[in-house]
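Have a look at the structure first, then read on.

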Amino acid sequence: MSRVYRLIVTDTSPLITLAVANELEVLLRPGLAIEIPDAVYFEATRVRTAPGASRIGAWINDHSDLVRIVPTETGIDQQRRLEEGRPIRGMGEQAAIEALDIFLTKNAEGQALLLFEDSDILKRRAVVDERVSLISTGDFLRELQTAHLIQSAEHILDEAARSGRNVEKQREAADDAEAREALRRQLRAGQSDEPGIQG
Amino acid sequence: MTREDKETLIRQYAAGDITWHALRERGFDNYVEVLSGLGELGLKYPVAPMAGPNVEARQRGIALLRQSLHHQAKP
């Protein structure tokens, strides 16, 4: 493939589902560079004691050659809102739109594959740009199953729900300052170790 | 939101009647809460049927994923 390809994670739910099931590695199977908008990363990891959150941070650090957190204006606004005690709900999605725009502006011939949560993908407005494709977490896992790269998509999704029950018990509100510092560390690491643009 | 309200919403979500986006608007703060609710109620993660306004974009996505996996499998 000579074009530039990106897998853009549009929301926290696919990340959390795979993290809680301890299956984040499956995102790397297609060999595509992965972009996680900063606001999505922050939303997914701000509950610092949840096993899913720590796994996401560790996974990104372990694969900094392929996985990158994308700084966005929305992410900056998200931090400002937090400092002012205002809600930040849903800003990840807005940041994903910005990350997609950045990618397509820099790569006119680029192809973006947007990873969505299953329930949300049905209710989105129709995507008409041929450079943009969608995939749900369920579609993604089913294709890996068909390619014999995982044993069972259903098992992973069931495991996420089963583990989620235990994870929630350990849930504790994150200390915002610490979570912001973790985001800064991730962004600094991303800037010093930019992944290749080759798909 | 009461525990009963939460259960009702999680059941609607598992049935594909409402979205994660809608759950967030109704007070769910983190997707872990949703997974937890599914686990506690013994419900399945809702996998989207191939329907809705984005079937074409999803089919492109599946084709792109297959192409990538095929490319990866080459020696």
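This is a predicted model: local features need pLDDT of at least 70, side-chain atom pairs count only at pLDDT 80 or more; totals for chains, interfaces and linings use all residues.

**Around A:Ile8**
- Leaving aside residues up to four places away in sequence, A:Ile8 touches A:Glu35, A:Ala96, A:Ala99, A:Leu100, A:Phe103, A:Ala112, A:Leu114 and A:Leu115.

**Strand 4 of chain A**
- Strand 4 (residues 111–116) of chain A is largely enclosed by the rest of the structure, because six of its six residues are buried.
- Both of its faces are covered: A:Gln111, A:Leu113 and A:Leu115 are buried on one side, and A:Ala112, A:Leu114 and A:Phe116 on the other.

**Who pairs with strand 4**
- Strand 1 (residues 5–9) of chain A runs parallel to strand 4 of chain A, with five bridges joining them; here A:Tyr5 stands opposite A:Gln111.
- Strand 5 (residues 132–136) of chain A is also joined to strand 4 of chain A by five bridges, and these two run parallel. A:Ala112 has A:Val132 as its bridge partner in strand 5.

**How confident is the predictor in chain A?**
- Chain A has a mean pLDDT of 85, and 85% of its residues reach 70 or more.
- Among the elements of chain A, strand 2 (residues 33–37) has the highest mean pLDDT, 98, while helix 9 (residues 176–192) has the lowest, 69.
- Over residues 194–199 of chain A, pLDDT stays under 50; the model has 11 contacts beyond four places in sequence for this stretch.

How values were computed. Residues are numbered from 1 along each chain as its sequence is written. Chains are lettered from A and ligands numbered from 1 in the order in which they are written. Two residues are in contact if their C-beta atoms, placed from the backbone, lie within 7 Å. A residue is buried if 20 or more other C-beta atoms lie within 10 Å of its own, exposed if 12 or fewer, and partly exposed in between; C-beta atoms are placed from the backbone. Helices (H or I, at least four residues) and strands (E, at least two) are DSSP runs, numbered from the N terminus. Two strands pair if DSSP finds at least two bridges between them. pLDDT is the predictor's confidence in each residue, from 0 to 100.
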